[in-house]
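Here are my notes on the model, as promised. Have the structure open while you read, and go through the points in any order you like.

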Amino acid sequence: MSKKLILYSAWYCPFAQRTWATLEHLGIPYDYRETDPYNKSPEWMDISRQTGRVPVLEIFTHKEKTLRIPDSLRSMEYLDDIQIEGVDGFSSQAAIRADARYWLDVQKSDIIPYFYRFLKAGKCSSEADQAKEMMLAGLQIFAQAMASEGPYFAGNTPKIVDFAFAPFALRIELLLKHYRGFTMPTNGETWARYTTWWIAMKAHPAFLNTMPDPETYFERLTKFYLPYSQGGGQEDVTKII
């Protein structure tokens, strides 16, 4: 069955960047549509299935049937299902796939909300301190689960768990340093392993391809998140799911 894929994305969105990097990694042809998800036009709400959020993966088949997937993890799973033979996304083994989904859930519940809470909390506030400690606790659990041989989460090949977290690792490094003076720990085996992982991921071509002109990208990204650093921005990203 022939398919045409369209990725509706926003350049600044880490959730959309997950799907974008997965498309690049798996070598699946697609068209990219830069989208302003804050413009809740009837057309966009229809495309996003009333979520108003990116990413949305739009799939056309030869029967002219359209399927739209408005979620980063669900779209990544779909891409894994149709991947080109010889490129790994999850694994062909059910137990390993289930374990990967567990670590995706850890990202969603134990790290990402606390990153946003830390960024949005006032400087030197008790809320910032608490969010930082919770974020670091989640990151430590995540890093401790990484395969010893590395450099990627499960070994020598990056998979969906890696590409799902890389956009947030980038924002932790870039935004928390800029707005909160935070740097990741480096002492100890666990944090050394995380550093090894991050060095490998931020140099991976599939991830780099989602950041055209990195110097300008980093500057624009920092400016975009200024309202978050002042307590604004989306509220739902801080919720524990």
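**Notes on pockets, fold and a few residues**

1. Let me begin with the second largest pocket, where helix 7 is the main contributor to the lining, giving five residues. Helix 6 (160-180) and helix 7 (189-202) are the elements that give two or more residues to this lining. Helices here are DSSP runs of H or I with at least four residues, strands are runs of E with at least two, and both are numbered from the N terminus.

2. A word on the source: this is a predicted model, in which local features need pLDDT of at least 70 and side-chain atom pairs count only at pLDDT 80 or more, while totals for chains, interfaces and linings use all residues. Residues are numbered from 1 along each chain as its sequence is written, and side-chain values use heavy atoms, with hydrogens and water left out.

3. The second largest pocket holds about 250 Å³ of space. Its lining has 13 residues, and Glu173, Thr183, Met184, Thr186 and Trp198 lie nearest the centre. By type, the lining has seven nonpolar, three polar and three charged residues. (Nonpolar covers Ala, Val, Leu, Ile, Met, Phe, Trp, Tyr, Cys and Pro; charged covers Asp, Glu, Lys and Arg; the others, Gly among them, are polar.)

4. For both pockets, the search runs on a 1 Å grid over the protein atoms alone: a pocket is an open set of points where a 1.4 Å probe fits, with protein on both sides within 12 Å along at least five of seven lines, and lining residues have an atom within 4 Å of a point. Points are joined across faces, edges and corners, and the volume is the space filled by probe spheres set on them.

5. The largest pocket has a volume of about 680 Å³. Among its 30 lining residues, Phe15, Arg53, Gln234, Asp236 and Val237 are the closest to the centre. Helix 1 (14-26), helix 3 (72-81) and helix 4 (94-120) each give two or more residues to the lining, and helix 4 gives the most, with four. The lining divides into 18 nonpolar, four polar and eight charged residues.

6. Now the fold: there are 10 helices and four strands, in the sequence order β-α-β-α-β-β-α-α-α-α-α-α-α-α. The radius of gyration is 18 Å, which agrees with the value near 18 Å for a compact globule of 241 residues (taken over C-alpha atoms; the rule is 2.2 Å times the number of residues to the power 0.38).

7. Which residues does Ser75 contact, leaving aside its neighbours within four places in sequence? They are Thr19, Pro55, Leu57 and Ile69, with contact meaning heavy atoms within 4.5 Å. Ser75 sits in helix 3 and is buried because its relative accessible area is 1% (buried is under 20%, exposed over 50%, partly exposed in between, with a 1.4 Å probe and protein chains only).

8. Please look at two cis peptide bonds. Val54 to Pro55 has omega near 0°, and Pro55 is in the loop between helix 2 (42-47) and strand 3 (56-61). Gly150 to Pro151 has omega near 5°, and Pro151 is in the loop between helix 5 (126-144) and helix 6.

9. Two non-glycine residues with positive phi also deserve a look. Arg49, at about 55°, lies in the loop between helix 2 and strand 3 and counts as exposed at 51% relative accessibility. Cys124, at about 60°, lies in the loop between helix 4 and helix 5 and is exposed, with a relative accessible area of 80%.
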